[in-house]
Every structure is written in C-alpha cells, then in structure tokens.
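User: I would like to go through the terms used for this model and check what each rests on.

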Amino acid sequence: KETEEVFKVKKSSYSKKIVKQLKKEYKEDLEKSKVRTEVNSPTDVEPPLEKTGQIKDIGQEDGTANSEHGEEEMEVESEKEEEKPKAGGAFSSALSSLNVLRPGEIPDAAFIHAARKKRQMARELGDFTPVDSEPGKGRLVREDENDASDDEDDDEKRRIVFTVKEKSQRQKIAEEIGIEGSDDEALVAGEQDEELSRWEQEQIRKGINIPQACIYQPAEVNNLYYQNTYQTLSYGSSYGIPYTYAAYGSSETKSQKTDNTVPFKTPSNEMTPVTIDLVKKQLKDRLDSMKELHKANRQQYEKHQQSREDSTKAIERLEGSSGGIGEQYKFLQEMRGYVQDLLECFSEKVPLINELESAMHQLYKQRASRLVQRRQDDIKDESSEFSSHSNKALMAPNLESFGRDRVIYQEQVKRRTAEREARRARRRQAREQTGKMADHLEGLSSDDEETSMDITNFNMERDRILKESSKVFEDVLESFYSIDCIKSQFEAWRSKYFASYKDAYIGLCLPKLFNPLIRLQLLIWTPLEGKCRDFETMLWFESLLFYGCEEQEQVKDDADISLLPTIVERVVLPKLTVISENIWDPFSTTQTSRMVAIVQKLVDGYPSVVNAENKNTQMLLKALLLRMRRTLDDDVFMPLYPKNILENKNSGPYLFFQRQFWSSVKLLGNFLQWYGILSNKTLQELSIDGLLNRYILMAFQNSEYGEDSIKKAQSVIACFPKQWFANLKGDKTISQLENFCRYLVHLADTIYRNSIGCSDVEKRNAREHIKQIIKLLASIQALDHAVTVANDHNVKELKILIEGK
C-alpha cells in the first residue's frame, strides 16, 4: 500500500507518454536480463571506457543509436538524473575517468550521452551501482523544460523524503503497467544481489525527489533545519512503520545510500494535561489581546473621525471663500488689461509730450538768451564809447580798410543805443508816475523790456505748442489720460485688495505713471513770471492730494503717503533745474526772488527735497551754482576811469560807472538771497571773493571819499545776512571781509584828513562820517577795526556806537 502511494506520487509527475516509454523499457530490460543469464562469458560486452576522449567518441557513435531508439527514449532519459557509477573492475576504472560536475553546473549533451551509455552498459553487465564518485558532491541534475512537475518544484524542494523499502523498482513498475508477478519473479531470478536493490532504491529516490536536486545548502544547515523542525514528533509515528530520512548534502544521507532503511521506534503519544487554570490563562491572554486590538482600533477610529471633521471644515471654509477669490481674480485680470492698455498708450504719447516740453523750454531759453545778449552788447557799446583809450580800431577791429563793414557796425551801434535810451526813458517815466524816482539808483533796474515783435513771435510759438499739447490725447479715451480716472482705478484696487496692491508695489509705480500727465499740465509753468500759478493750486495736485488717505488706519511704510513729495521730486525739481540753467537771470532781482521763493517752499514743505542724497536736488543746486558763476564771468563789468573824469557827475562815464557799480551791488544782493539754501562757504566764495573783492572794492577805490562812499558801503553791508555775524566769537569778522574792513578804516582816515583846515561844520560832518564807519565795522563784527578807528580819531562813544549797531 505504501509503495503504491509512493509510486502514485511518481506517476503524477509523469505524462502518459513517459509511462508508455517506461513500459517499453521494462520489456527490453526483461529480455536483456534473460539473455544475460544464459550468457556466461562477457565477450560481447564492449570494453570499458577509460578516457574522456573516448566518451566523446561514444557520444558520436551513440548518435545513430539515439536515432534508433527515437526521440521518446531521449525524453525519458533526460528526465532522470545521472550519477557517476561506482563500478567494480574494468568498468569502475572507466567511470572514474569522467569529470565530476560541480554543484549547479548544467551538463552538456556529450556528457549526458556518455553517462547514458555507461548506465546501459552497467545494466547489461549486471554490476551497475549508483553513481556517487565522491562523498559530499551533488548529483547530476537535468530538468526538462516540459516537465509537468515544474509547478510543484518550490514545494518539493523543502519536502522531507521518506521511502519504504518493500518492493524493488521493477516490481513497482510492473504493478503499475499491469505485468503479472510471475514475470517479475522470472526477471529477478538471476540477480538478487545487494547492488541491484540499492540501484532500485536510488531510482525511486530520484523519481520522487528530482526538484530537490537544485538545493545546494550545506549539510550542516539542512541537518539543523530538519532537526529543529521534526525533533518533537517523528514522521510515521502514527503508522508504526520504518522510514528513511533524506537530506541532500548531509553525512546522514551518505550513510543511507548503503543502508536505505533505518528503523525508528514509535514515540508515545503523551500530551500535556489540560487544566482549568491553563484554559483561564489562555482565555485571559486572548481577552487582553482583543482589548488591545480594540483600543488600537478605537484610536484609529477617533483619528479618522477627527480627520473627517477637519476635512469638512476645510471644505466649508474653501467653499465660502471661493466666491471672494473668484471676484478678486476677475478684478485683477481687469486691472491687468487696463494697465497694459495704459502703458501701451503712454509708450506712444510720451515721446510727443517730451517733444512739446523741449520746444517750450527752447522757446523760453531763446527769449532769456536774447535779453542777456542785449545787455552784454549794451555794456560793450557804452564801455567802448566812454573809454579814454578807445579808437576806431578798438571799436571795430575787424573792419575793412574801405570802411564798408565799419558803416554797418556803426549803424548797429546807433540802433542799439537808441533802443537802450528809449527803454531807459520809458522806465524813468514809469518811476515818475509811481513816485519812486527819488529812491531809484541807476543800475538797480533790470533791462528786461522786449520789443513788440519779439513778444508777438513768442506768443505765437507758445500758442502753437499749447495747441499741439491739447491734441496729444484727443484720440484716447478719458480713462487713459485723465488723472482722476486713473487714480480711481488704483484707489478701487487699494480699497478692495490692499495685500495684492502692496505686493505689486503700486505705490512706487504711481509717480512714474502720473509723470507724463503732470508734465503736460506743467508745460507753460514758469515760476519766474508773475502770472504763473502756484503748482499746489493746479488740478493734478488737488486730485492727488488725498490719495491713500482713507479713514482706515494707515499702514506703516505706506508708499502712497509720499506720493505727492515723490512727484514733486521727480517732476517739479527737474523742471526747475532746466529753468535755473537756461531761463533764470541772476541780474534780475524779481526773477531771483521768485526762484528763491519756490525753492525755499520745496525745502520747507517737502522733506525729500531737503535730503542731500537726493539726485534731483543735487542737480538743481548744481544748476544754480553754474548759472551764478557764468554770470560772474560773462556779465559783470566794472569800468576804470580817472578821478578827474568822475568829478563831472553829469558826464557819460560817471553815469556808466555808477550804473555798473550799482548793478554789481544788486547782483551781490541777489546772490545772498540764497542764504539758507546754499551753504555759507559757497555763498561767501561767490559773493565776497568773486564779486565784492574782485569788482566792488575796485569801484570803491576809484570813487571819491566822502558821503557817497559811506552810502555805497552801507548798501553793500545791508546785503550781508546777519546770521553770518551772530555766532562769531572774538573781535574779528569773517576772513573774506578783511579787505573790505581795511577799506573802511582807510575811508575814515581819508575823511579825517580831508576835514583838516576846514570849517567847523565840515569837521562835524567828517566826525559823523567816522562814527558811521565805526557802526558799519561793528555791524559786521569787525570790532578790532572799530576800536582802532575810534582810538585813532578820539571817538569816545564807542560802546554806544557798538551797541547801537
């Protein structure tokens, strides 16, 4: 019964074709065994193979035999594993010459052929033994790719094989194919030796355990594994039959090859007694494990519940806010399109605005240059006319000998002289009508009168520019050039979505955005003219005045707060720079006063203008200084005449000298109006070093020493800022005024010397003049010079004079 079960396992791993082949081999082996018993001499047996080279020849000769046996025999033989036989005598020596396969090495076709041939010869000789050339080596394994037992390889690799030694292989095959026992008995009658029995057992083991041939674990590991697994209960204990234990690669397996059956005693089936405490303990342990599992599941459930609630709240929150985000997205998309259109409009219109602004500046510059050039020509004409060393060559050095150019030049001089005298007469008549004739001095008035033709041309060009400026945005919608419309767009953005408004830095972009529109409104704005409007009363200023000043709390570092100061810095200051450099006339007291007023207003009301690091402010101050220096170099002229010529106060040279002197004093006063805006060092360099010491003192020296000189000195000192002398320490004035102080001391001495031998009235007048000089010295904090004059001329009222300065 056990043999049938084992054989069924084997049978299940073979196909019907293999079973048919087994029947055929069995019959052939049966016939050969009968013939072998009759033959006593092994003369027909082929000599054993001794060399590997002969194995290859056998393999080649066997090719014909292989074709005779057919493909079926090759398939059956390839299903089996070959081992190198331990043959006795001549055959065993031939077997030992074969190369032994290493574990895991796949044999080639020649090796399989040779092994098959040797096995056939061994069967015919009757001395076949299992091929096991060296202990510890693995068996030769060849697995057919079409083997039906491939699906069971993984399970069979770890299966412990037990064989029951009851029947031989031939007996089991005979029973399987239905051959009677009498034939089997006749088959095995001649050969019952131990070698055949061992071979049969080996064949059974190979047929059952083919998949385990691929296991290459060391014997020690397998033994440990199987000992640990089956140490408690022996296989077959319930059946009470002996069995064999096969573990490939171990020493126990090698011993079982010689003795295939090992009897085992059946252990007793004693079990641990079951008690109530044991059951209770097991139930308690199981209850504890279930409680822990329940607790873990409960925590997981609560976690999922909390996650579900959070997700629900997030969904509700997002659904509630989705409407606002959609509206914000829509609004920002509209603003994006609006800003793009606005920038495209400005990119086309800004060049036109720049051209109009340049044309207007050029128009005002031409008028200012014309007036300055006329004043310079008048000074040259008068200087040439009243110069004692003048002659025709000096008057017209580049004239021809024939005199044709001289005539043209003289005609031009006469025409300029007539126009100059006519302008002076009209100004004198205007002063008589207003009652200012008595206080006026020649040279203090500005000769800025224009001809009717110049005024007409100027107005026509200005009107043309204004007309062109009105057409700049005539083809544009109001929302793209009106400051109010543009401002309302950005105010809506600021009030609705301030975060995105701030992130887009709109507060920093607005000054540049409004720049061309404001410059277009400031096209004819010139603060040097009396009828010019204040820029703070213009429409653009009033429109942007309260931008970003909502009732809500102001945000820290809000750029919109400084919108107007930034616009003034970037629009008004550059325009003032152009006006200062090209239009402003420092000789004009009216223009200088208006220029000083507008700059002082910016300094007081706009902190960004006061910043010394402001680039536009620096450019404005630089333009002012350059214009004043150019005036000093080009427009100031002081004639030098002998005193006998100046004695006639009605002569032309005297009037020309007085006019140039007072124009220089007027320029000194105009320069010093910039006190508080320009630095003291710069002002002192321009006014004292450049004008007073260079020109005015020279005129003082050519003037008569008397009341007229004191009056002129008082006019000069009246121009100085009192703050220069308020904080001076000691008895000395500023170093630049030392020359002027020495002139005053010399003037006092000259007046005193001129009074010697005169009448008492003249002496009293001279003493009063000396006291006035002491007051002038005290007013400019030149106390050392005042004390010197008082001591030299015995003036005892020094303290009173100093305090009454």
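This is a predicted model: local features need pLDDT of at least 70, side-chain atom pairs count only at pLDDT 80 or more; totals for chains, interfaces and linings use all residues.

User: What pLDDT does the chain average?

Analyst: The average is 75, and 68% of the residues score at least 70. The scale is the predictor's confidence in each residue, from 0 to 100. Over residues 180-191 pLDDT stays under 50, and the model has 14 contacts beyond four places in sequence for them. Residues 212-262 also stay under 50, with 81 such contacts. Contact here means heavy atoms within 4.5 Å.

User: How many helices and strands does the chain have?

Analyst: There are 33 helices and zero strands. Both are DSSP runs numbered from the N terminus: helices are H or I with at least four residues, strands are E with at least two. Of the contacts in the chain with a separation of 6 or more, 78% are between residues 24 or more positions apart.

User: Why is Ile 567 called buried?

Analyst: Buried means under 20% relative accessible area, exposed means over 50%, and partly exposed lies in between (1.4 Å probe, protein chains only). Ile 567 has 0% relative accessibility, so it counts as buried. The residue is found in helix H21, residues 563-582. Leaving aside neighbours within four places in sequence, its contacts are Pro 511, Phe 514, Ile 518, Trp 540, Leu 544 and Val 572. Leu 544 is 23 residues away along the chain, with 9.9 Å between the two C-alpha atoms. In the chain as a whole, buried residues make up 42% of the 805 residues.

User: What makes Thr 526 buried, and where does it lie?

Analyst: Its relative accessibility is 3%, therefore Thr 526 counts as buried. It lies in the loop between helix H19 (506-521) and helix H20 (539-544). Beyond four places in sequence, Thr 526 is in contact with Tyr 364, Cys 532 and Ile 579.

User: How do you know whether Asn 670 is buried or exposed?

Analyst: At 2% relative accessibility, Asn 670 counts as buried. This residue of helix H26 (residues 652-672) touches Pro 586, Phe 587, Ser 588, Thr 589 and Thr 592, not counting residues up to four places away in sequence.

User: Why are H27 and H28 called roughly antiparallel?

Analyst: Helix H27 (residues 680-702) and helix H28 (residues 707-719) pack at an angle of about 160°, with their axes 11 Å apart. Angles under 35 degrees count as roughly parallel, over 145 as roughly antiparallel, 65 to 115 as roughly perpendicular and the rest as oblique. H27 and H28 are therefore roughly antiparallel to each other. The axes are lines fitted to C-alpha atoms, for helices over the stretch in contact, and angles run from 0 to 180 degrees between N-to-C directions.

User: Which residues make the contact between H27 and H28?

Analyst: H27 contributes Leu 692, Ile 696 and Phe 700, and H28 contributes Ser 709, Lys 712, Ala 713 and Val 716.

Terms used: Residues are numbered from 1 along each chain as its sequence is written. Side-chain values use heavy atoms; hydrogens and water are left out.
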